[in-house]
Amino acid sequence: MRFSILGPLVVHGDDGAALPIGGTRLRRLLVLLLLSPGRTVRSERLVHGIWADEPEPVSAGNALQALASRLRRALGSAAPLHGDPTGYRLDIDPRSVDLVRFEELADKGRRARTEGDPATAAAHLAEALGLWRGPALADLGGGGGADDVAVRLAEARRGVELDLLTLRLDLDGAEAVLPDIEAAAAREPHAERPVELLMRALAAAGRQADALAAYDRLRRALADDLGIDPSAELQRLHVRLLRGELTAPSPPRPRRETPPPAPPPRAAPVKRLPHHLTSFIAREDELTRVGELLAAERLVTLIGPGGAGKTRLSIEAGARFVEEHADLAAGVWFVELAPLREGADIPHALLSALGLGDSAAMAVSSTTAHVPAILDRVVDFIGGRDILVVIDNCEHLVAETAQVAERLLAACPGLRILATSREPLGIAGERLLGVPSLELPPEDTPAERAGDYASVRLFAERARAVLPGFTVDSGNAEHVVRVCRELDGLPLALELAAARLRAMPLAHLAARLCDRFRILTNGSRFALPQHQTLQAVVDWSWELLDDTERTLLRRLSVFAGGATLDAVERVCALDDGPDVWSVLFALVDKSLVIADVPDDPDTEPRYRMLETVRAYGAQRLAESGEEPAVRRALAHHVRDLFREADPHLRGPDQLAWLARLRQEHDNLTSALRWAVAERDTDLALDLVAGSSWYWQMVNTWTDLVRWCGDILDLIGDRVPPGRAAAYAQCLTVSVIGAMPAMVEPAAKSLLRAEEILEEAGDTPWNHPSLFSLPLLLGMLGYDTAGRLDRLDRVVQTHPDPWTRAAARLFGGLLASHHGRGAQGREWVMDGLARYRAIGDRWGIAHALTCAADVARYSDPQRELELLTEGGRLVDELRLTSLAAVFHVRRAVLMAARGAIADARRELDAARGAVPDPETRVFLRVGEADVARLAGDPLGADEILNDLTAAVEAMNEVMRTQVEALVLVRRARTAMALGRTAEARVRVAAAWDALHPFIGEMHAAEVLEALAEVLAATAPERAAVVLGYAEAVRGLPNDADPEVARCRRQVRDLLGPDGFDRAYDEGRGADRARMAARVAAWLEEWRPARPSGPGTLSA
């Protein structure tokens, strides 16, 4: 693939055909990356360059990510684009970019000229100029963030052009080159060098008078325009011209007949390294770092868990280092220690590897008495020579290896050692470099991005060895990603898994990796014994541990999400043994535990195991008989931690505590799973009670509903003593998951939960996770007025500010739900103000969504401000689904105001948030709204039609909230397309899809769509229906442009008096009359009447 940026951007594929790169922003992104091929370009520079002539998008990072995804698809695998938190890197050969080739050819030309070879110099310079097709970086425009580069390149091009003209003047004579020199001087009337060339050429052509005139023109132009004189050098040339010294061309400098003898070529470096038949993948950063360390230090140790790829990295790094360092005359030598069982055999292994001794010596029992003499032979061989020795697999003989290395380094000043081990050698001067797992893809990585991750690339290549033609595509990407993640990105494990594809389909392999030690047993027969199966890899490390290290390792396996030091001490305490911290640190040194040390000094480090090591530890824990006690200790620790954290989640320290609990999420689910499996219902209830608010904050309702259902199945109808509130929480949460499908049973369960609290002398207002209980009952019509009064009393009397804020906000929601729009607006805004005073970001963010809901009908600018503030907060809270919702709502609001480009940027940002499937449906609905408002009803209709299957596949809760709104939009797009009959069917279906749970706000939206359908043929009915919409909402809709357009149309048809009379009739009607009349009007439009007349009949 070749890239041309010396002119308009052109990309040529391997077949020479031009590849289309569409869109200004996409082209700008590619050009900016091509300015630094193979190097990371910071995101800030890319954003500035791409949006240089327009406002940067609200979520620039997400917008940039979307562009990067498009560029990957456009370029394909021939030009991999890699992204990290700092920026993006285009992984290509720099010489495939014409700018790089231009600079190389220009340098070659100047060197040839300096060496006295003008013909070769001219050829190189002409080839360099031939790469130009117009102004450099033309796609960046005038403000693309690289103006300095464009100016530099223009100057470089000008310099090469003048250098070439100078050479041509010497080689071809004045007559041949004079027209080009005259053109160059005319283009730059104030530049001295073109005029100097012109004076020389004219003089050489016998036109001395013209040469003098050229000088005089320049002198006058400089004096008149710039107020300066020609340079002293040009003045001297003028004097020589007057003296007649330039009447003949300067003879070209003779090329040396006999160039100086070239230095003898360097002999090929000595490389005594194992050869591999497979390619080396994705360790460029580590290779570079090893080379840097070896250049500065004499002992570098690569440490990491078994199977991490330390041996292969050491071989590749050694080969590269000896190639790049000519001073390493004795080359690189490889010493394998894995077969050895005695430390005394290490000197023999060195002798054999260096070709100094009989390898059979190791077959005889060695004695330590021979070691000094054998090492003396090694020292004599190395002496003062510069040499690199790679010593592989030191961990089982780490102390003896350290002694040998220390002796050799002291005696051989030119020796460098690169060691691999699962723990450090621990001697002075040692530099450690951890060898991490290969980069893992996120769980939902799509096929087109999976190849960006090293673990996927390794697995795919090794899979092709057994399944030729294997590629990662949309059909298997999910399974490939799961395999890579389950196996921690360990190269050896991935290679074993790929080899297993000979006998097991990929989907089955991914599903069975919970039994990884039985499955991954098919390593190369030529591999070391400890590398032939996954079990052997970890067995090797286990055998090197002492008893206390084994005890701690197996106990640590209960931590699914890692642990802090305090958690390790509490859950895994050792009986009458050494301090647990010191044993933990020893396991870190031996690469069996990973220490994640944050940059923030105030944040605790966490300790975790790779999943493969954890699975091995779990096996050993089950064998030990300790598992029940250790898992109970973990569950108690998690329970106590979440209890401690709960009040902090509703105040100014919320972010810090939320971040900590997110790290404990997997431990929480592990503890819950164990408590349920053990039928320990008291412990399970305690875990749910302590963590319920956390579950709600991080929007994992589905998981919480499942756990609550499992616990209730165990307990039955009997309320455990002392746990009434926890039991009521489980009832309430499990009902939320089923309410729309079964309203009456759900209401009965909610009333039972309320009764349980009353019997225990408790109220929902003592438990934040139960605040939804009175709200849900009020929404279902159970004593709504009384509940609104009680919510108001809580606001007036409760001592806790957070409870008062929540009661006010929930009261506003309940009032709005039942059509008391004015009261709802007042209470929602009051609740928002109260949350602000407390400093609860989560509460503020959710109050902002409610406030935006009530502002949308009267003040779109205020709605936008509220949504923008909410978006910032949810970004801080890392609530990706809610962030997507804020982006989509801003997009629709901007589209309604005509800012279509801004709306599409918001949608791009929402897509970058990678929301859950339900939120993706909301995103698609927003895309349809933007398309319709942008004047593309056909595009909107196609989006909504595609959504049908997704809505039907949603759970009952989500479908109830979405279905009617999707049908409303289908009705509106049908009207925009002139398909009135279809619009009637859609709006009737929307009315039938309304559910008591979703409230009057949605009912009003359906009524407004009905008015749009009626406007042209039944304007009086349309006016009545618009009145109905205001009545059920409790607020007029003054801001929606589509509703305003409908209102104007109907008013024009009826006249002001007729419209007002019909509108007032609808606004004053009672609910039963509304429901009956709407049902009657819709009856004739329904192909077959579904059940239910909509919310208004309730």
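Reader: Which strands does helix H15 lie across, and at what angle to S11 does H15 run?

Author: Helix H15 (residues 398-411) lies across S8, S10 and S11, and runs at about 165° to S11. Axes here are lines fitted to C-alpha atoms, for helices over the stretch in contact, and angles run from 0 to 180 degrees between N-to-C directions. Helices (H or I, at least four residues) and strands (E, at least two) are DSSP runs, numbered from the N terminus. The model is predicted: local features need pLDDT of at least 70 and side-chain atom pairs count only at pLDDT 80 or more, while totals for chains, interfaces and linings use all residues. Residues are numbered from 1 along each chain as its sequence is written, and side-chain values use heavy atoms, with hydrogens and water left out.

Reader: What is the strand order in the sheet of 6 strands?

Author: The order is S7-S9-S10-S11-S8-S12, in an open sheet with parallel pairing. Two strands pair if DSSP finds at least two bridges between them. Strand S7 (271-272) and strand S12 (430-434) are the edge strands, each pairing on one side only.

Reader: Which helix touches S12?

Author: Helix H11 (residues 284-296) packs on the sheet and touches S8, strand S10 (387-392), strand S11 (415-421) and S12. The direction of H11 makes about 175° with that of S12. Contact means heavy atoms within 4.5 Å.

Reader: How many bridges join S8 to S12?

Author: Strand S8 (residues 299-303) is joined to S12 by 5 bridges, and the two run parallel. S8 and S11 also run parallel, with 5 bridges. Leu299 has Ile417 as its bridge partner in S11 and stands opposite Glu430 in S12. Thr301 has Leu432 as its bridge partner in S12.

Reader: Is S8 covered, and which way do its residues point: one way or the other?

Author: S8 is mostly covered, with 5 of its 5 residues buried. Buried means under 20% relative accessible area, exposed over 50%, and partly exposed in between (1.4 Å probe, protein chains only). Leu299, Thr301 and Ile303 point one way, Val300 and Leu302 the other. In a regular strand the side chains alternate between the two faces of the sheet.

Reader: Changing topic. What is the order of the sheet of 3 strands?

Author: S4-S6-S5, an open sheet with antiparallel pairing. Strand S4 (40-42) and strand S5 (81-84) each have a single partner strand, so one side of each is left without a neighbour in the sheet. The twist averages 25° from one strand to the next.

Reader: What bridges S5 and S6, and what packs on this sheet?

Author: S5 and strand S6 (residues 87-90) pair in the antiparallel sense over 4 bridges, and Leu81 has Leu90 in S6 as its bridge partner. Helix H1 (residues 24-34) packs on the sheet, touching S4, S5 and S6, with its direction at about 75° to that of S6. Helix H2 (residues 43-50) lies across S4 and S6 and runs at about 65° to S4.

Reader: And H23 with H25, at what angle do they pack?

Author: Helix H23 (residues 547-556) and helix H25 (residues 580-589) pack at about 85°, with their axes 10 Å apart. That makes H23 roughly perpendicular to H25, a label for angles of 65 to 115 degrees; under 35 is roughly parallel, over 145 roughly antiparallel, and the rest oblique.

Reader: Which residues meet there?

Author: Thr548, Glu549, Leu552, Leu553 and Leu556 in H23 meet Val580, Val583, Leu584, Ala586 and Leu587 in H25.

Reader: How big is the largest nonpolar core?

Author: It has 186 residues, and those with the most contacts inside it include Leu552, Leu553 and Leu556. A nonpolar core is a set of buried Ala, Val, Leu, Ile, Met, Phe, Trp, Tyr and Cys residues joined through side-chain atoms within 4.5 Å. Helix H32 (residues 724-736) gives the most to this core, with 10 residues.

Reader: Where does Asn393 lie?

Author: Asn393 lies in the loop between S10 and H15. Its phi is near 60°, a positive value in a residue other than glycine. Asn393 is buried, at 4% relative accessible area.
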